[in-house]
2 protein chains.
Amino acid sequence: MSEVDPDIQDEKARKRLIELAEKFYDQFEGGDVPSMEIPTRTKTNIVFDEESGVWVLGDRTSTRSANSVRGAKKLLKSIYTTEFLERQLEENRSSTLRELYYLSESWDNEHAQFDNQDESNQLIEDLELVSGVTREDFHMRPEESGAKVMGPLHIREQTNRGDRDIHCQDDVGQGGYQIPNNPDTIEFLGCDAEFILCVETGGMRDRLVENGFDDDYDCLVVHLGGQPARATRRLTKRLHDELDLPVAVFTDGDPWSYRIYGSVAYGSIKSAHLSEYLATPEAQFVGIRPQDITEYDLPSDPLADSDTNALESELEDPRFQTDFWEEQIQHQLDIGKKSEQQALAARGLDFVTDEYLPTRLDEMGIL
Amino acid sequence: MSEVDPDIQDEKARKRLIELAEKFYDQFEGGDVPSMEIPTRTKTNIVFDEESGVWVLGDRTSTRSANSVRGAKKLLKSIYTTEFLERQLEENRSSTLRELYYLSESWDNEHAQFDNQDESNQLIEDLELVSGVTREDFHMRPEESGAKVMGPLHIREQTNRGDRDIHCQDDVGQGGYQIPNNPDTIEFLGCDAEFILCVETGGMRDRLVENGFDDDYDCLVVHLGGQPARATRRLTKRLHDELDLPVAVFTDGDPWSYRIYGSVAYGSIKSAHLSEYLATPEAQFVGIRPQDITEYDLPSDPLADSDTNALESELEDPRFQTDFWEEQIQHQLDIGKKSEQQALAARGLDFVTDEYLPTRLDEMGIL
């Protein structure tokens, strides 16, 4: 069922890195000053791609050239990093962004060493952009760890100590299946799920698992754990695309949680070059919706100034300019309240699984 | 091999709750104003218990009596909460601290409802104290999630959908085995490990797993993920006590990380009533030690003022008043530097597993 073969991915990534290096050789040979063209990553250079339904980078680029000391140093660092990544792939190893930064201290050329981790992080993003290969395919692991899955899904994970066949209900403890840093090592063997429910908080995730929601409704409960890691978003996208499962996102009812939904559905400006790899534009927002605070009379807290500002900034954000979001955000500004997922417990511990979710998911056409 | 039977634990916890309620009945019947005696939880009321080697609460207590409106309300809340917990155990359910707070809104007596979550959290700690039963045995789940284990350990976890037999290398993905909220549901079926290595950061945990350190050295790699959850500390303690495994703690080299070591080894003031349940006083500190920063010439950052203050406060802390810690902390104040675990990568990605850990663990008598 899976479309991804990690070995082929590795070979592709290596090839792209070597091509990058070849470009520099060609420039030298032709008597040109080496340079690299990089798409500009700013708010003004993201555009909505109608075809894929995600926000991607526009056409604007900037040039990094060796005709200044600063530019030359940047290119030197790119070359050392490219060589490191190529060797890492060759040896089938991996490392973290932080390790890369520290590792540069062992490089023989002092000018190639990074001044701080922002610089090395930035460079990896640049290399993703110019090569079209993701960080994960360079075997750069994130510090952020992937979250957990519980539900009727049978997977095979390629680990560095062999393949593991795991059923995400029968072969795992109450804590569920831990998503690896690179979910493209996962092959889907079988799936009895009807949809995916991404859940913001650990408390609500545990509630759904204890109440057997994944079992009763044939649902994959994916724990986001706040702002979701790339691994979590990537797996969600793959489950959606490859297994044709609808995605519903269930968060707290405040502007920060709407951004969590946004990062699953639209991606972020920072990773706009990866939207097609990470974003699931078909993902729908379950709640907590401002209308729920009113309709269910949920326990709530007053909006802080920072909440109000964040809501107002969302009203300006092209990704939230839909009738649904404008209505919800306006309503929230009117009532001046926010509520958490677990506030549903005010109606009893089973209200969320017996009433709230079935009703809402039915309305949304998912059940 | 396991000493813990969850069903017996549940029954014991229920009995203690009923005893608490009976005490109030007896007081009423005897014509006394109902009251509850609670050990005082302050810095001045913790004492070192020679026998268990941990810091526990001293003899000072305070009395909560119904002879004031405030006291009467507190006792009313205690009674409602006791009833809720008793029913929860009876029905073999569980809930989070946050859910309890929200749930109180559904209670029929308005005076029994909590004003804020601090109040309900505090009450649960009070009930732990007076009943001698832990929060986990009340089936109160934490929001904080347990971390992950990788290594030659074979466990059986009692989940709410049946038992699961899991080998923490052969049956899990690269992410490892996810520790459940209540690790007393785990039975140890078999163990080929020689020691436990608790690791602070995800990046270092992944490095050790990728390099096969758990396999090469028969080691259980426990990922702490910053300040460790109670579940993680409890499992570490059980592995130490029941399987007789030495515990080594590997963190960044700064005062905040020494506190992470401290929470594994000594427990905290907040949970001093649980030290015997959570703390592993035999746990040893691997590093990063200030001496390592000097000896290995590690990449470092200068100490911030807050770091210096934290180090000075540790020098005053009875739990850090050993020759080892005084020497290390003094050395760190002298050099004015701190380093992270991953700074070891400056000597190559394998330095930590080929050199640093084997040498240090050998010196410590663990290898």
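Reader: Let's start with A:Asp206: is that residue buried or exposed?

Author: Buried, in this predicted model: A:Asp206 has a relative accessible area of 10%, and the cut-off for buried is under 20%.

Reader: Which residue forms a salt bridge with A:Asp206?

Author: The general idea first. Side chains of opposite charge can pair when their charged atoms come close. Here, B:Arg141 is the partner of A:Asp206, with 3.9 Å between the closest N and O atoms. That just makes it, as the cut-off is within 4 Å. B:Arg141 is buried too, at 8% relative accessible area. The pair joins two chains, because B:Arg141 sits in strand S6 of chain B and A:Asp206 in helix H5 of chain A.

Reader: And where does B:Asp206 find a salt bridge?

Author: With B:Arg205, the closest N and O atoms lying 3.0 Å apart. Both B:Asp206 and B:Arg205 are buried. Shared partners then link salt bridges into one network, whose members include A:Arg141, A:Glu99, B:Asp206 and B:Asp350.

Reader: How many salt bridges are there over all chains?

Author: The count is 61. Another of them pairs A:Asp241 with A:Lys237, at 3.1 Å between the closest N and O atoms. These two are 4 residues apart in helix H7 of chain A, so about one helical turn separates them. A:Lys237 is buried at 9%, while A:Asp241 is partly exposed at 41%.

Reader: What rotation superposes chain B on chain A?

Author: One of 180°, with 0.0 Å of shift along the axis and an RMSD of 0.0 Å. That is how a two-fold axis relates copies. In chain B, the C-alpha of B:Gln178 is nearest the axis, 3.3 Å away. Both copies use the same surface, as 100% of chain B's contact residues recur in chain A.

Methods. Residues are numbered from 1 along each chain as its sequence is written. Chains are lettered from A and ligands numbered from 1 in the order in which they are written. This is a predicted model: local features need pLDDT of at least 70, side-chain atom pairs count only at pLDDT 80 or more; totals for chains, interfaces and linings use all residues. Side-chain values use heavy atoms; hydrogens and water are left out. Copies are superposed by least squares on the C-alpha atoms of residues with pLDDT of at least 70 in both. Contact means heavy atoms within 4.5 Å. A salt bridge is a side-chain nitrogen of Lys or Arg within 4 Å of a carboxyl oxygen of Asp or Glu. Buried means under 20% relative accessible area, exposed over 50%, partly exposed in between (1.4 Å probe, protein chains only).
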